[in-house]
Amino acid sequence: MNRLRRRRGTSVAPPVTLPDDDDLLSEILLRLPPRPSSLPRASLVCKRWRRLVTDPAFHRRFRARHRNPPLIGVFEDYLGYPFFRSVLDPPDLIPRERFRLRLAEDEGGQWRFYGCRHGRVLLFNRAKNEILVWVPDTGDHRRVAVPPEIDGKEKIIWNGAVLSAATADDGFSSCPFKVVLVGVAGNNTQMFACVYCSESGKWSDLISVAAPFLVFFFRDPGILVGHALYWMASGDHGSTILQFDLDDQTPAVIEWPSDSDPNCYTQTWLTEGDCLRVATFSRGSLQMWERKVCSEGVAKWVLQKRYELKNVLNPEIRLNVEYVTKLGYAQDIKVMFVWAAHSVFMLQLDSLQAKKVWESCVIAPIHPYASTYVADYVSLRMHYSSPFIYTRNYGLRKTGKVSRL
């Protein structure tokens, strides 16, 4: 009984509270996951939090901390019209209108999509012979005329890549960028490259390399592996790989795996150790090739793995495995977008797990877009105070009750 009285009389220590320090709170908020809704949801807690997370300087620190931004959506290339489609669920789902390039729509679909990297999008207008570098997060864009010697007749641009040391926090003012264009010349007997630097505003000279056979076009967007870009070129005798060293600005030709199907859907991708690997994807089979240097110092392709897709993929794809078509590839997360059975799937190359993301009867190229995009604060506040929410089909659906944070 005396013990019980002593316990009841013992005073309870007051709860520990965080110091009233904006710097400390900012450090905590910086560790929120880089999802579009993270900062807007935090801003709904109180005025103090809102003041901190809406500060542009905080946004720059937030992006700098999350240097590997998540995949938030893709751009579908419909005959020169880039349409955005989110791959996230509410409240992170981004409406298609938010990343709408009205310039491309106004000019009648003349823009060819060359890919996304470091928060920027690269497009090429063959009719006007100019490129467009676009930052979807801010809406900023820059048009640059292509060197006049690339006339579109004897020298034809077929692909390109945009590069930057960091993501575009405040449009083009925060970080310079480079653009590498590649094409064919000399009646398809040569492959060339040229580099544009935003700091100098100038193009480099054209750098050419002899093609191993007649090259007609470059099939996929460029892949960055270490300090080099790679494109797959196709021609009258199959496929080859064009390598462009970013340090020396020199092109080189790498032979294609001789034992692979020359007409397969392919994609180069980065592995541990910055090794160049190729995934060949054709006729219901997935093969993983790796380029290794043997003891004699000669590089050659080695088949690492081979999978029969009908044995490993989801049942909904398995029945249509012969008609699987590759649409795009997200290099950083090793995810391939494929079309099968009137639907688009995300295929994880490491685990070979596929996830259905949407239904589609149209087969169009897909360009994955990764960003630490911050959703609009006003629209998110409406999401949590309205009895209606956005659905994946970009329509409104009544919830029956008001959502709360």
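Select histidine 118: this residue is partly exposed, with a relative accessible area of 28%. Buried means under 20% relative accessible area, exposed over 50%, and partly exposed in between, computed with a 1.4 Å probe on protein chains only. Histidine 118 sits in the loop between strand S3 (111-117) and strand S4 (120-125). Its phi is near 55°, a positive value in a residue other than glycine.

**Ground rules**

The model is predicted, with local features needing pLDDT of at least 70 and side-chain atom pairs counting only at pLDDT 80 or more, while totals for chains, interfaces and linings use all residues. Residues are numbered from 1 along each chain as its sequence is written, and side-chain values use heavy atoms, leaving out hydrogens and water.

**Whole chain**

Show the cartoon. The protein chain has nine helices and 27 strands. Helices (H or I, at least four residues) and strands (E, at least two) are DSSP runs, numbered from the N terminus. Switch to the surface. The accessible surface comes to about 20,800 Å², and 51% of that belongs to carbon and sulfur atoms. These areas come from the Shrake-Rupley method with a 1.4 Å probe; for residues, only the protein chains shown count as cover. Of the 405 residues in the protein chain, 48% are buried. Now consider contacts, meaning heavy atoms within 4.5 Å. Among those between residues at least 6 apart in sequence, 49% join residues at least 24 apart.

Select residues 22-29, helix H2. Leu25, Ser26 and Leu29 are buried here. Look down the axis of H2: the buried residues fall within an arc of 105°, so they line one face of the helix. The arc is that of the directions from the helix axis to the C-beta atoms. Then zoom to the N-terminal end of H2, which aspartate 21 caps. A side-chain oxygen of aspartate 21 lies 2.8 Å from the backbone nitrogen of aspartate 23.

Move to H5. Its buried residues are Phe58, His59, Phe62 and Arg63. They cover an arc of only 135° around the axis, which puts them on the same side of H5.

**Nonpolar cores**

A nonpolar core is a set of buried Ala, Val, Leu, Ile, Met, Phe, Trp, Tyr and Cys residues joined through side-chain atoms within 4.5 Å. Which members of the largest core touch the most other members? Select Phe75, Phe99, Val121, Phe337, Val344 and Tyr369, out of 32 residues. Strand S1 (residues 71-78) gives this core its largest share, four residues. A second, separate core has 27 residues, including Val225, Leu276, Phe345 and Leu352.

Strands pair if DSSP finds at least two bridges between them. Select strand S5 (residues 130-134) and strand S6 (residues 141-145): they pair in the antiparallel sense over five bridges. Glutamate 130 stands opposite alanine 145 in S6. The two strands form a hairpin with six residues between them, and glycine 139 in the turn has a positive phi of about 85°. Step back to asparagine 129, in the loop between S4 and S5. Asparagine 129 is not a glycine, yet has a positive phi of about 55°.

Next, select strand S15 (residues 238-245) and strand S16 (residues 250-255). They pair in the antiparallel sense over six bridges. Leucine 242 stands opposite valine 253 in S16. This hairpin has four residues between its strands, and glutamine 249 in the turn has a positive phi of about 55°.

Go to proline 91, in the loop between strand S2 (81-86) and helix H6 (102-106). The peptide bond from proline 90 to proline 91 is cis, with omega near 5°.

Go to aspartate 220, in the loop between strand S12 (215-218) and strand S13 (223-225). Is aspartate 220 buried or exposed? Aspartate 220 is buried, with a relative accessible area of 11%. Its side chain makes a polar contact with the side chain of lysine 326 (3.0 Å). A polar contact is a pair of N or O atoms within 3.5 Å; within protein, one must be able to donate a hydrogen and the other to accept it, and residues adjacent in sequence count only if both atoms are side-chain atoms.

Finish at alanine 341, in the loop between strand S22 (335-340) and strand S23 (343-348). Alanine 341 is partly exposed, with a relative accessible area of 33%.
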